[in-house]
Amino acid sequence: MGDYYCVRVWELRDGTSIKDVEELAQSGVLEMQRWIPGVKRVSLVRLQGEPQRYVMTTAFTDLTAYTYWRQVEDEASDYWERFASVQLHWEQLCSLMAEYAGELVMDVTL
């Protein structure tokens, strides 16, 4: 079994600055991901031609790590104050437009 990925498309809410979103991603969001076992990599891409949209990709060691991450996302806000604060702030800045998850089948460096 290979790496497992979650890809989310986010759109800035009205009045949200690009700077605020990118700073929160580089500080709070990244901090939270570092604390969760099995998270290998997080990337954020601002879409060209659609500067109000971002694609966030999170790579996991496997499906089990992804499943645990989803559980943490769903439950942590009840008992992990810092996570809840970051998650709430992110959702105040952005709306989730789409989400995809699946196993990596090809990754080639050319």
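User: Which are the buried residues of H3?

Analyst: First, the ground rules. This is a predicted model, where local features need pLDDT of at least 70 and side-chain atom pairs count only at pLDDT 80 or more, while totals for chains, interfaces and linings use all residues. Residues are numbered from 1 along each chain as its sequence is written, and side-chain values use heavy atoms, with hydrogens and water left out. Next, the terms. Helices (H or I, at least four residues) and strands (E, at least two) are DSSP runs, numbered from the N terminus. Buried means under 20% relative accessible area, exposed over 50%, and partly exposed in between (1.4 Å probe, protein chains only). In H3, the buried residues are Phe83, Ala84, Val86, Gln87, Trp90 and Leu93.

User: What do the buried residues of H3 pack against?

Analyst: Look for contacts, meaning heavy atoms within 4.5 Å. The buried residues of H3 pack against E1, H1, E3, H2 and E4. Take Trp90 as a case. Leaving out residues up to four places away in sequence, Trp90 touches Trp10, Val21, Leu24, Ala25, Val29 and Met56.

User: How many residues are in the largest nonpolar core, and which touch the most other members?

Analyst: The general idea first. In soluble globular proteins, nonpolar side chains tend to be buried together. A nonpolar core is a set of buried Ala, Val, Leu, Ile, Met, Phe, Trp, Tyr and Cys residues joined through side-chain atoms within 4.5 Å. Here the largest such core has 25 residues, and Val21, Phe60, Trp69, Phe83, Trp90 and Cys94 touch the most other members. At least two residues of this core come from each of E1, H1, E3, H2 and H3.

User: How far apart should the ends of helix H1 be, and why?

Analyst: Helix H1 (residues 18-34) has 17 residues, so it should span 24 Å. Its end C-alpha atoms are 23 Å apart, which agrees. H2 also has 17 residues, so it should span 24 Å, and its end C-alpha atoms are 24 Å apart. For H3, 13 residues should span 18 Å, and the end C-alpha atoms are 19 Å apart, which agrees.

User: Where is the kink in H1 centred?

Analyst: The bend at a residue is the angle between axes fitted to the seven residues ending there and the seven starting there. H1 has a kink of about 40°, centred on Ala25. H2 has a kink of about 40° too, centred on Glu73.

User: Which residues of H1 are buried?

Analyst: An α-helix has 3.6 residues a turn, so residues three or four places apart point the same way. The buried residues of H1 are Val21, Leu24, Ala25, Gly28, Val29, Met32 and Gln33. Their cover includes strand E1 (4-12), strand E2 (39-46), strand E3 (53-60), helix H2 (63-79), helix H3 (81-93) and strand E4 (94-103). In H2, the buried set is Ala65, Tyr66, Trp69, Val72, Glu73 and Ala76.

User: Is Gln33 buried or exposed, and why?

Analyst: Gln33 counts as buried because its relative accessibility is 8%. Arg34 has 64% relative accessibility, so Arg34 counts as exposed. Both sit in helix H1. Setting aside residues up to four places away in sequence, Gln33 touches Val39, Val42, Thr58 and Trp69.

User: At what angle do the axes of H2 and H3 cross?

Analyst: Axes are lines fitted to C-alpha atoms, for helices over the stretch in contact, and angles run from 0 to 180 degrees between N-to-C directions. The axes of H2 and H3 come within 6 Å and cross at roughly 115°. H2 makes the contact with Val72, Glu73, Ala76, Ser77 and Tyr79, and H3 with Glu81, Phe83, Ala84 and Gln87.

User: How many residues apart in sequence are Gly38 and Trp69?

Analyst: Compare sequence with space. Gly38 and Trp69 are 31 residues apart in sequence and 8.2 Å apart in space, C-alpha to C-alpha. Gly38 is in the loop between H1 and E2.

Definitions and conventions
Expected span 1.5 Å × (residues − 1).
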